[in-house]
Amino acid sequence: MTTGQNPLRRFADETWPDERELAHYNRRLSEITNRPARPVWSGLWMPATAGALAAGAALIFALNPTSSEISAPQTLAMQFQPTGEAVSSRPTEQVSLTTNGVATLSGTALAPVIDLTSGSVKVQVEPKAGIDLRVRTPDGEVQVLGTIFSVDRGPLGTAVQVERGRVAVRCAGGVEHPGLVAGESALCLPTTAEGMLGRAAALAASGAPDGEVSAAIEAGLALASGATRAELLAMRMDRALQGGDPSVALADARAYLESGESARREHALRVAARLSAAQGCAAAAPYLDELRALGPANPEPELSAQCAPR
Amino acid sequence: MHPIERDRALIAAGIAGDMRARERLLRAWLPQVIAWCKRLSGPKLDPDDVFQDVAEKVLTRMQTVREPDAFPGWLFQVVRSQANRHRRKAWMKRWIPGVTTEATDHGPTPERSTGLSEISRQVQQVLDELPAAQREVLVLCFIEERSHSEVAELLDVPIGTVKSRMRLARDRFAREAQRISPSLGDVLPAIPTSYENAQGAPP
């Protein structure tokens, strides 16, 4: 052991274990690895009566903020519902949540799991405390690598923003962001047809570029069937009309009508009738006939006058 | 060879859940773990107690390490959090009547007291007065003489934070040393000078 003049250097030398200490700690490690896991407090009150044990344990758990770390894993079970404003909670000493939406908390104090159905949750985890916290949404999963981040599930998908530390994000679609750091964000796109329909509608409502809306519609159509597919077709039909692409609009109107869905059938009939009329009254006639059959009010007077009933 | 390179396969096996690998890894890193336990625990705690909890954490929680390169930082954080936990428990034991969370006597054991010279005990006493964040950076930067980037990785904070904590720790250490042990304070000005010569002055 060297004994330099600098007291910090000397402290460093003297706190580095010598062979005797290493042998001692190697024995301690063997003891730890050779005995079964047990709660730390279990052996401390053995001579006491059962009543004293209960009282002592209650006192320890009431006053010791870290008791969850050293006892059996604490099981978590909480439900959150939207209340119109953010709700803060602290399910464990190491985890703080601010929720505004529909979510459930499960798992254990060491491995909490938050299932976020809608809305947002902001999570603060004590860094490097060994907490394996995950936030799951239908669009993906966020794993804490420490420390403050927020997850917001809305129509556009699941957005993750990191304020401090690192998180890993695995989107259900396969995209991974293994190490998002402070200031970075990631978006997990919906992976269901319904989710993509919602995203497309939200993008359109927010005035997003056509390309983004179209991409969402096409992604949804690739997955969709039934009413969702019909709704996506109707959406693409309207956008094609606005964009001056009648052939696409007509094809989508026809596809919608073939789906048998009724929610936007009248609208699709009008579009199909108007666009088909360019090819002659015979092409428009089936759509006009069905429009007339839907009700007494004639929705397309000019076209009806031009193409009288058969 | 850097320990992380030497132990990469062991670390990967430990992360995957191999308990034997975790034990072998702990034995390989034992000197460093013990040194951290002793340096961060302070004079009022028994590093033996801290070590036991650190070992249990490593053996049961290593699957949470995200990659082998992150192991040293994770290990340091485990030691740090367990040392801080024992500090809190010791504080409660002193201030809340009737709270007895451990059967262990936290008074100085012969093993510890015989291991440190008087001057080192004074350093330990001054370190004990520092806030945890300053104590950690002082131990890593000044006592273990690690680089800024290495300390930033171990603490999982930006390098700028390391530098600012270093400045605060240095000032606080000098003040506490003057108060607790004036003779120790007399030799302290040598620390920043030698540190800056070796690694470059903080801005």
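1. Aromatic cluster in chain B. In this predicted model, one aromatic cluster is formed by Trp29(B), Phe71(B) and Trp74(B). Within it, the ring centres of Trp29(B) and Phe71(B) are 5.4 Å apart. Their planes stand at 80 degrees, so this pair is edge-to-face; the cut-off for that class is over 60 degrees.

2. Placement of that pair. Trp29(B) sits in the loop between helix H3 (19-28) and helix H4 (30-41) of chain B. Phe71(B) belongs to helix H6 (residues 71-95) of chain B.

3. Aromatic pairs overall. Over all chains, the whole structure holds 4 aromatic pairs. In one of them, Tyr25(A) and Phe51(B), the ring centres lie 4.9 Å apart. The planes of Tyr25(A) and Phe51(B) meet at 70 degrees, so this pair is edge-to-face. Tyr25(A) is in helix H2 (residues 19-34) of chain A and Phe51(B) in helix H5 (residues 47-61) of chain B, so the contact joins two chains. Tyr25(A) and Phe51(B) are both buried.

4. Backbone at Glu145(B). Most residues other than glycine have a negative phi. Glu145(B) has a positive one, near 55 degrees. Its place is the loop between helix H9 (132-143) and helix H10 (148-155) of chain B. Glu145(B) is partly exposed, at 48% relative accessibility.

5. Backbone at Asp156(B). Here too phi is positive, about 60 degrees, and Asp156(B) is not a glycine. Asp156(B) is found in the loop between H10 and helix H11 (159-180) of chain B. With a relative accessible area of 28%, Asp156(B) counts as partly exposed.

Conventions: Residues are numbered from 1 along each chain as its sequence is written. Chains are lettered from A and ligands numbered from 1 in the order in which they are written. This is a predicted model: local features need pLDDT of at least 70, side-chain atom pairs count only at pLDDT 80 or more; totals for chains, interfaces and linings use all residues. Side-chain values use heavy atoms; hydrogens and water are left out. Rings of Phe, Tyr and Trp (its six-membered ring) pair if their centres lie within 6.5 Å; planes under 30 degrees apart count as stacked, over 60 as edge-to-face and the rest as tilted. Helices (H or I, at least four residues) and strands (E, at least two) are DSSP runs, numbered from the N terminus. Buried means under 20% relative accessible area, exposed over 50%, partly exposed in between (1.4 Å probe, protein chains only).
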